[in-house]
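Welcome! Have the sequence and the 3D view open as you read, and follow along one part at a time.

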Amino acid sequence: EAHPLGPSHVLALSGGIGAGKSTLAHALRGLGAHIVDADALAREVLSPEHPVYEAVLASFGSDLVGADGVLDRQLLAQRAFSSAEGTALLNSLTHPAIAALAHERLAQAGDGKLAVYDVPLLTKREDAAAFDGVIMVSAPMDVRLERLEKRGVSREDAAVRISRQMSDEQRRDLASIWVDNSGSKEDLTDLTRSFVARWLSPSGI
């Protein structure tokens, strides 16, 4: 049911590495959807303009900022993810800020538009429940490995990265719309246009 004001639907878009999530987001944007990128928001909350930046430096070390004034995100990751406590602390600082920004940006989609939150790590049912629905994109393992190889990731590293992520069975449990992206970019664009017209907006977006 469409919201009386604001976006017609607020959806999450997720999928494993190499599945084609970014390509699907691009296709949705081409159809007029308002896309909010979780990775971009994560970078934003770690910029000097955001209050979380100072909190992160206070917790993990002011030496994370180099002479150029730029936060060394790789060094932060090394420190934060070296222990469960560090990971929990970083998440407690960044996740609420990212969620607040996401809520704000998705609401800016405009009346009657489709708003989509492009989020790599949608893993919990309660996170999925915050949206009108979840679009989950997938592809066969060999296709994903081939795509990652084209990005310069070795087949071995790609297989390890995929194995550390959720399985397709777990993703299906969260999905409202399951997109099989085993074909070309053109196939995915056609498929996206089809499910948007069929399920998301009787008059198009």
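## The sheet

Strands (E, at least two residues) and helices (H or I, at least four) are DSSP runs, numbered from the N terminus. This is a predicted model, in which local features need pLDDT of at least 70 and side-chain atom pairs count only at pLDDT 80 or more, while totals for chains, interfaces and linings use all residues. Residues are numbered from 1 along each chain as its sequence is written, and side-chain values use heavy atoms, with hydrogens and water left out.

Now find the open sheet: its 5 strands pair in parallel, in the order β2-β3-β1-β4-β5. At its edges lie β2 (34-37) and β5 (177-180), each pairing on one side only. On average, neighbouring strands of this sheet are turned by 25° against each other, direction ignored. Axes here are lines fitted to C-alpha atoms, for helices over the stretch in contact, and angles run from 0 to 180 degrees between N-to-C directions.

Look next at β2 and β3 (residues 114-118), which pair in the parallel sense over 4 bridges. In β3, valine 116 is the bridge partner of isoleucine 35.

## Helices on the sheet

Helix α5 (residues 84-107) packs on the sheet, where it touches β1 (9-15), β2 and β3; contact means heavy atoms within 4.5 Å. The direction of α5 makes about 155° with that of β3. Another helix to find is α10 (residues 185-200), which lies across β1, β3, β4 (133-138) and β5 and runs at about 165° to β5.

## A buried lysine

Is lysine 21 buried or exposed? Lysine 21 is buried, because its relative accessible area is 11% (buried means under 20%, exposed over 50% and partly exposed in between, with a 1.4 Å probe and protein chains only).

Lysine 21 sits in helix α1 (residues 21-30). Its side chain makes a polar contact with the side chain of aspartate 118 at 2.5 Å. A polar contact is a pair of N or O atoms within 3.5 Å; within protein, one must be able to donate a hydrogen and the other to accept it, and residues adjacent in sequence count only if both atoms are side-chain atoms. Leaving out residues up to four places away in sequence, lysine 21 also touches others, including Leu13, Gly15 and Val137.

## Salt bridges

Side chains of opposite charge can pair when their charged atoms come close. A salt bridge is a side-chain nitrogen of Lys or Arg within 4 Å of a carboxyl oxygen of Asp or Glu, and a search of the whole structure finds 9 of them.

One joins glutamate 146 to lysine 150 (3.8 Å, N to O). These two are 4 residues apart in helix α7 (residues 141-150), so about one helical turn separates them. Lysine 150 is exposed at 70% relative accessible area, whereas glutamate 146 is partly exposed at 43%. Glu44, Glu104 and Arg105 are linked in a network of salt bridges.

## Nonpolar cores

A nonpolar core is a set of buried Ala, Val, Leu, Ile, Met, Phe, Trp, Tyr and Cys residues joined through side-chain atoms within 4.5 Å. Which residues touch the most other members of the largest core? Among its 33 residues, they are Leu76 and Tyr117. The largest share of this core, 6 residues, comes from α5. A second, separate core of 18 residues includes Leu13, Ala25, Leu114 and Val196.

Definitions and conventions:
Two strands pair if DSSP finds at least two bridges between them.
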